[in-house]
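I opened a new model today and kept notes as I went. The entries follow the order in which I looked things up.

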Amino acid sequence: ISWNLSMRGQIANYSSDKRAIQMYGWGLTLKPGLIDEPSKWRILFDSGRINSNGHFQLSALNLSVIKFFTWNNYKLHSGFGTNMIDVFTYNSSDNYDFQTNFVSLGLSAKLFWLTLSPKVIVGSKINFISISIGDFF
């Protein structure tokens, strides 16, 4: 969109004989600072949805703040944020929503022309490891 605001999107679909799952989402990344001196901080807003026809719908919002830094020639990033998740199930009354806060720590490394970014996220209700392939803007 501009030098300090980028938009991203994703879409995926899986189907088998018994079910179909669609996933889609979008996000914004704000890079504060000046064009000549960009900040090491990033503010990210992501929204996503998963539909499993006839089973459930999940909606999620994520707001996080990340800082990039270098340590012993490693490109690291750490941050904090919050997830808001709402799940609706079609076949039962087990619908629920929750909010969880988290901290994250990750690194970025070039592998050929791609950037690999493994990240550990630890929160009050979630803990997981993610690996992103791409690049940060």
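Predicted model: local features only at pLDDT ≥ 70, side-chain atom pairs only at ≥ 80, totals over all residues.

I started at N72, which is exposed, with a relative accessible area of 56%. I placed N72 in the loop between β4 (56-71) and β5 (74-89).

I then checked N73, which is found in the loop between β4 and β5. N73 also is not a glycine, and its phi is positive, near 70 degrees. Is N73 buried or exposed? I read a relative accessible area of 77%, so N73 is exposed.

**Overall layout**

I stepped back to the whole chain. I counted 0 helices and 8 strands. Along the sequence I read β-β-β-β-β-β-β-β. The C-alpha trace spans about 55 × 30 × 30 Å along its principal axes.

I looked up burial next. Of the 137 residues, 26% count as buried. The protein exposes about 9700 Å². Carbon and sulfur atoms supply 61% of that area. For contacts with a separation of 6 or more, I noted that 35% join residues 24 or more positions apart.

**One salt bridge**

I searched the whole structure for salt bridges and got 1. Which side chains meet in it? They are D46 and R8, at 2.5 Å from N to O. I placed D46 in strand β3 (residues 41-52) and R8 in strand β1 (residues 5-15), so the pair ties together parts that are 38 residues apart in sequence.

D46 has a relative accessible area of 22%, so I logged D46 as partly exposed. R8 comes to 27% and is partly exposed too.

**The largest pocket**

I ran the pocket search and took the largest pocket. I noted about 1400 Å³ of space in it. Its lining has 48 residues. Which of them lie nearest its centre? I listed R8, Q10, D46, N62 and K119.

I then went through the lining by element. β1, β2 (20-30), β3, β4, β5, β6, β7 and β8 each supply at least two residues. The largest share comes from β4, with 8 residues.

**A nonpolar patch**

I looked for nonpolar side chains on the surface. I found a patch formed by W41, F80, V103, L111, F112, W113, L114, V120, V122, I129, I131 and I133. Together these residues have about 1300 Å² of accessible area. Which elements give two or more residues to the patch? I noted β6 (96-111), β7 (114-123) and β8 (127-134).

I picked out I131, which lies in strand β8. I131 is exposed, with a relative accessible area of 62%.

**The end of β8**

My last stop was G134, in strand β8. I logged G134 as partly exposed, because its relative accessible area is 30%. What does G134 touch, not counting residues up to four places away in sequence? I found L114 and T115. L114 is also one of the residues of the nonpolar patch.

I also took the spacing to W113. G134 and W113 are 21 residues apart along the chain, and 9.1 Å separates their C-alpha atoms. W113 belongs to the nonpolar patch as well.

How values were computed: Residues numbered from 1 in each chain as written. Heavy atoms only, no water. Helix = DSSP H or I, 4+ residues; strand = E, 2+ residues; numbered from the N terminus. Buried < 20%, exposed > 50% of the residue type's maximum accessible area, 1.4 Å probe, protein only. Patch = residues over 30% accessible without salt bridge, like charges linked within 9 Å, V, L, I, M, F, W, Y side chains within 5 Å. Areas by Shrake-Rupley, 256 points an atom, 1.4 Å probe, with all protein chains shown as cover. Salt bridge = Lys/Arg side-chain N within 4 Å of Asp/Glu carboxyl O. Contact = heavy atoms within 4.5 Å. 1 Å grid on protein atoms, 1.4 Å probe; cavity = no way out; pocket = protein on both sides within 12 Å on 5 of 7 lines; lining within 4 Å. Points joined across faces, edges and corners; volume = space filled by probe spheres on them.
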